Amino acid sequence: MIEIERLDDVARAPAPGPDVRVLAGGTLVMRALNYGGHGIGRILRLTDPALREIHSEGGGVRIGAAATMADVLAAPDLAALHPAAQVVGGPAIRNMATVGGNLFAPHPYGDFAMALLAANAQVHWADGRAEPIEAMLGARGRSAGIVAAVTVPRLQHSEFRFRKVSRTKPKGVSLMSIAAHLPRAGGRLGDVRIGFGAMGDRPLRATGAEQALSGRSLDPAAIDAACAACLDGLAPADDPLASEWYRRQVAPIHLRRLLEEVR
Amino acid sequence: MSSVEFRKELFADERQDDLKQIGRPAIRQDIRGHVTGRTAYYDDHLFERLLHMRCARSPHHHARIRSVDTSEAARMPGVQRIVLAKDVPNNLNTLLSLINFGKDDEPLIAGTKVSYRGEAVAAVIAETELQARQAAAAIRVDWEVLPHVLDVEEALKPDAPQVNAVYPDNTFDYEPYDHVKLRFGDVHKGFAAADEIVEATYQMSPIEQAPMETCGAIAVPETADRILCHTGTQALFFSLGTTAKLLDMPSSRLHFVGGTVGGGFGGKVDSITEPMAVLGAVLTGRPVKFQWDREEEMQVGAPRGAERWVIRDGVMRDGRIVARSFTGYFDSGAYTRLSSYAGTKGVGHLPGPYSIPNVAANVFCIFTNRTPATAMRGFGITGVDFAIECHMDRVAERVGIDPISLRILNAYRDGDMKAHRRTAKNTALVECCQVVADKAGWRLSAEDRAASSLTGTTAERQAIPETALDEEGRIGERRAGRVTGTAPTERSTGRLPAGTRGRDHAAIPVQRPDMEILSERVGHRMPDPAEAGGAPPLAAAAPARPTPPAASPPPARPASASPPPASPPHAAPAPPPAPPRQPEPAQPAHRSEPTAPTAPARGGHDPAPPAQPKPYEPDKPFSRGVNRPGVSRFLTGRRR
Amino acid sequence: MPKIPVRFTLNEAEVGLFVEPQSNLLEALRRGAGDLSPKYGCGQGTCGACTVLIDGEPHLSCLTLAEAAEGRRIETTAGLAQGSSLHALQTAFIEGFAAQCGYCTPGMLMAAKALLDRNPRPSREEVIDAISGNLCRCTGYEPIVDAILAATEGRAA
Amino acid sequence: MTLHSGRGFACINYPIGMNLGGDPAQALVHSTPDGKFMVTLSAIDLGQGMKSVTRQIAAEALGVPIDDVYVDTADSDTGPHDMGSFASRGTHRVGNAVIRAASEARAHMMEAAAEELEVSPADLDTDGAGNIHVKGAPTRRITVAETAIAAQFKQGRTLSGRGIFLIEPSGVDPDTGEMSPVTCFAHAALIIDLTVDDETGEVEVTKINSAYEVGRALNSRLVEQQLIGGAWMGVSHALYETTEPYYPDRREGPLDFNAYLMPGPGEIVPHDIAILERPAPDAPFGGKGPGEMCANPVLPAIANAVYNAVGVRIDALPITPEKILRGILAQGGARPQGQRG
């Protein structure tokens, strides 16, 4: 195990790769270690308190990768993301699970990363690189580096909606989750972004639904069109919670319910 | 939110409610330990130099083991010992051999073949759990993957892969048949007379007992050359006897401590972790813990097996069910564990709490290449009840009768004859129906409200009808392709006269009168000795035949699968020949009879334990887990 | 690999231990410090039986790296009672028959304590959320929720 | 979307203490010098309350306060043989063994007290509060503690007892299935109210009404624990649980409690219970043991309620939203079956 006390020291650390894992909250890495740690060669432990900070930056909010879900819930600036943070496990998990870790959480986890995808967050690597979250998620597992932070645009709470579908309450994992950024100007929607969780091996955008809504008013016809197109871009599979068939069947239903809540 | 009420007015005349302690909401004896974290479960005992044991497991549903390469694992840090099948002294067992039921069919560690995914092929004992895990992952097995079968009905086909060599037909042997039969009256005559036939199939799912504490045990070498075992077992002497048998050691060398368990729900009867831990302690001379993690608990630990039930009812327009047949399939997985018992227990439960004059059932315990099934809360019954009660609603719909009314109409009453040929007594189904309907505001007819479990029996309902018998499904016939049907056959080969039944089985009386509680202190009406035989007051004189002795080991199966003898049907009520109780080397449960020359008494500094189990000696500590009923050594001496 | 020294306070007592690298706090508490009140249920963070408070907040000790406890303040059920005087939650669990096998109880109590320390008069929904990461296989949860609510009322009285 | 209400019924009986192989249980009782009693068992308490209920049974049978009885279980060196806690045999088999052991100990206690009071043992009774007195003359008495001291230090007598309970094993007739599977049955009837979402197939159980006949509630709160917790497990089995979601296919088996579904504290169903008590003649104080049967009626009652709500019969467990939705789509929409009762 290598301990990194300050983020500046990242350079001396081995590049995270298939056998190097970053230990932050522990919900993923400690679980793997408890079960033998197969495939884990080295662990990087980051303890720099700066990694946990949440603060305003430019037009958005910068969230340190080691900020926990509980930290997010304590940040008024992130009110739009609170519904997504609130449904990550029970209180103990929310005290441990980090924003950075959620970016790497495999199916069916990663509801918060999915919300960040809908919010069009930027991912900041420790080496200074930044990229859109969609690119980061797309290359997940192949990229090397340590995520230091994400920045999210300032979101109007009324324009951001999150919905989680789980079999059990209040803590069940996602059968699917949906987040939608629905900016509005003059009665019309701007550039809509809709994310789905647990509908693929990583958080995915429902591009068909986004196109059906962007620039339209949120009327029943637009909602119908969005729901009809909502599977475009998604790639659900069977898992212990539900089959691919069921996920495809109810995705439009849950998207409709989310959108009708907004209207 | 929830509420509880006691309906003391019901059955008040059968009960005294002036007992001093019974009925009180006394605080649990164990609760203070629970809330202070002081309750000691098996894992809450600390030992210096504790070792950890982990298994290497099969990734295949069915495969032959060509070879096991442990060389890399043996060199890994912290590894103290690798354990293979050859290290298990008596590596074949079945749980219920302790009560002489079934054949030994399951190794503790597989040596030649695995029959389910997750079956153990080796174990590693190491200084830390992580080291044991990593070394277990480094064990290399050369597999020859075999075809597998996962569906119960597929497994019955003649060409299905053979799951378990001890039961080559993929069915448990209920001698002389490959299934349990229930025959009461003539269902096919009943179906012919019925106005409606209602048939459906019901499927249970495998369910995990999911106790919060996973299965496990810690074994510790103790003084006097004994092994102490802290265990989370649900059945202390089951686990003790099973361990003694698998490890071929006198059970008096085992000291099992448990009794405080973090939930069981049936899954902790299987007695796997105890022999593993004790074996580890024997081989290393150090304390060894064998504990399942949650993944093992969920996919390696035995679930409640899936059951499939086909129910066919013949019903009259007025709602009376006149015939009911069952075809049941218990998915036992790769080995028997307790599923054989579930089949029998399930059959004893048929046709549910209803009086039906014609009942038949064929119930199979079937081997498939899945995790062996075992007990769970409601064992053998939950699935039958699901099927029966869903079916009752189907029947109610077909004949247009209120679902509760249909149940009350058919409900068994005191004195009714049940399909397993015992008289119903102490029944209360009707009252439960009435009370819950009242609570929920479900209106019942005046007739249904007036019904009672105490009345309503008739001479007809008390009688045992003439019964159609058959001999279809003898062991081996299905594999040979000579029988394909699984439902109770229409081709009966004989008839048992009306009224034929054996004798009831009662509690063994107390040894001395002062062990009996005084009747005035018991709080309810004591059984009338005249009723003990269960003879219904209205029943006609019945020819009786004795039931066969319990759970005697079935005689060895004929080696050749030759056609069954066309034995004549039961022309007269004669008991089937009781198989002689024969000592079987692999089933030492009944070794209480001295079968070997008495070994010399062991002194305090006796060297190695004898390889052979010692014969039963009444003045020695308890031997072999379970003894012959009624001869416990605790009660042999004369009291003061 | 060499063991690693770690120091923390456990129920207000100083504890110093050597732990295996990569081992979890649950094992350190149980086998290192001898506090057997937190329980192993899954090692996956999915059952809550190992819940302890770290600096007053609930954490899963099975997912906490033992050495990460350095300098932290840890509370477990073993420290809940003050001498022989039980905590209001403990009394409420006893009187409310809120435990059967008792294996989830220590974790449940710590999850509940974290809530009551922060919010002495929680709503039923807040209680439900507080124990949502803690599984119980015996009780059906209702007696547990009722007991926690009873403890809050007891406190107010 | 429409939420359809449904109501379902089921009733069951449950065999208490399987008996196909004969399954004995033993108990030992002895007094301490100060008149407290120790019960020594090898039975297992896995949460059902074995220690507590046998304590109560022993206290009743001895005629002493419950606080004066302790139960120790299970240590194979000190506890006598017992097959284990399964098949609803704990209360029935162990309870009967405890009654026998306690009755013998009581007989010795009464003999010792009789010697001290210079009366016949048959003329004595216990008051359940720690005293032994002459029947009809409550002031002529001796405490249990004084009795125990006298027995031990003056009379040289132990206040102890042994108990075993065994029902002779029953075989099964291979041709008819004739057997004596058990000796008594518990009973239950239950009504479930629920809603079904006809677009997603999701079910919410909103109410359980039940009537459970348990012989005798030996401890009213322990019975309540079993019935509330057991009905929860029934809901869980009916709607959620499986280790093999694609049975008989083995794939996608859950490995943790996130994937192995059980309802959480957010899904507590209000459950109104009525308890009926018809004592079983051969059960300890008539009590039948409610631990196993309580979940069973819930499963079919939920299936029947789902049918009542949307007209879809789910005959394969668990009753998942997917199965319901497939059924609704196959029949072209929900078909409510009308209000029940």
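I take contact to mean heavy atoms within 4.5 Å. With that rule I looked at where chain D meets chain B: 159 residues from chain D and 173 residues from chain B take part.

A note on the ground rules: this is a predicted model, where local features need pLDDT of at least 70, side-chain atom pairs count only at pLDDT 80 or more, and totals for chains, interfaces and linings use all residues. Residues are numbered from 1 along each chain as its sequence is written, chains are lettered from A and ligands numbered from 1 in the order written, and side-chain values use heavy atoms, leaving out hydrogens and water.

**Chains D and B**

I looked up the buried area next, meaning the accessible area (1.4 Å probe) that two parts lose on being put together, summed over both. Between chain D and chain B it is about 14,200 Å², with carbon and sulfur atoms giving 57%. On the chain D side, D:R162, D:R250 and D:R278 lose the most area to chain B, together 7% of what that side buries.

How many salt bridges are there between chain D and chain B? I found 12, a salt bridge being a side-chain nitrogen of Lys or Arg within 4 Å of a carboxyl oxygen of Asp or Glu. B:D17 pairs with D:R216 in a salt bridge, and their closest N and O atoms are 3.4 Å apart. Helix α4 (residues 220–239) of chain D supplies 11 residues, the largest share of the side of chain D that touches chain B. Helices here are DSSP runs (H or I, at least four residues), as are strands (E, at least two), numbered from the N terminus.

**D:D72**

I found D:D72 in strand β4 (residues 69–72) of chain D. At 37% relative accessibility D:D72 is partly exposed, the class between buried (under 20% relative accessible area) and exposed (over 50%), with a 1.4 Å probe and protein chains only. Leaving out residues up to four places away in sequence, D:D72 touches D:V39, D:T40, D:L41 and D:T78. D:A43 is 29 residues from D:D72 in sequence, yet their C-alpha atoms are 9.2 Å apart.

**Cysteines**

I also checked for disulfides, counted as pairs of cysteine sulfur atoms within 2.5 Å. B:C432 is buried, at a relative accessible area of 0%. For C:C42, the closest cysteine sulfur is in C:C47 at 3.8 Å, also too far for a bond. C:C42 is buried too, at 2%.
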